[in-house]
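Let's take a walk through a protein together, one stop at a time. Keep the sequence and the 3D view open as you read.

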Amino acid sequence: MRLLVLFIFLSSFTLGYQSYQPPNTISPQVSYHPLYEQRRNRLLGIYGVSNKTNSDATLSITGNNLQNHSLSEKLSGIGLVVGYLLNPNHRILLNLENFFKKNGFSYQTFTLNYAFTPQIPNTIKWRLLLSANVGIALANFNEGSFVVNNSAMGKLKYTGFTYGVKAGTIYQTTYGELELGIQARRLNFGKANSSIPINDVPTSTTLDLSETSSTGLFLGYNFLF
């Protein structure tokens, strides 16, 4: 909900700023960058991501009380994006992000994005980026990477959903766009079942990662053709 409110606030602020012009000022540039005038509206991009991922995890072990675990990991990843520019100010995108394994944990997201990209007043090459997205989230813990009381759990695999927002800037180059900004994401990975040995007896466990979120920075380049 906080992510949605933030996105609506940023969109409203941008629209209000564009529509208001004080008297006796120079009007914003109305010419588009040549890439848009030529209607190069297909997009293919690649970007790097650095995120801090936090989870208020809960662990259930058969015959024991529920345990709470606060998990935090700084992860780096790479993203691929394909999309279509409906016009210079609106675009639809498909994003695939893969976060590299650290301490046995990794995850991927596949999302559908809507992006609002208004031109920054009095510029031709600079645009704002405001985006909202929703999609699928997958995660993995390697076998033995999650340890409870010196007992290692087996492999954990998650399939859940995600939603988030992005904010940043776009700089138009000769053949495409340089893009940078921040992103915030909610990750509901759900639950995964495994087991740990207790007194040499395999005991069923469930690790719940429903309450997971991430914030971070991204930098990339988009080709328009």
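In which strand is the place of Thr 111? Thr 111 sits in strand β4, which covers residues 105–116. Keep in mind as you look around that this is a predicted model.

Is Thr 111 buried or exposed? Its relative accessibility is 2%, and because buried means under 20%, Thr 111 counts as buried. Now look at what surrounds this residue. The side chains of Thr 111 and Asn 113 are joined by a polar contact of 3.1 Å. Leaving aside neighbours within four places in sequence, Thr 111 is also in contact with several residues, among them Leu 93, Asn 133, Thr 162 and Arg 185.

Next, let's visit strand β11, residues 201–208. Strand β10 (residues 191–198) runs antiparallel to β11, and eight bridges join the two. To find one of these bridges, look for Ser 194, whose partner in β11 is Thr 205. Two residues lie between the strands of this hairpin, and there Asn 199 takes a positive phi near 55°. Strand β11 also pairs with β1 (residues 42–61), again in the antiparallel sense, over four bridges. Here Leu 59 has Leu 207 as its bridge partner in β11.

Not counting residues up to four places away in sequence, Leu 207 touches a number of others, including Ala 57, Leu 59, Phe 141, Phe 146, Met 153 and Tyr 158.

Key
Residues numbered from 1 in each chain as written. Predicted model: local features only at pLDDT ≥ 70, side-chain atom pairs only at ≥ 80, totals over all residues. Heavy atoms only, no water. Pairing = 2+ DSSP bridges. Buried < 20%, exposed > 50% of the residue type's maximum accessible area, 1.4 Å probe, protein only. Polar contact = N/O pair within 3.5 Å; in protein donor to acceptor, adjacent residues only side chain to side chain. Contact = heavy atoms within 4.5 Å.
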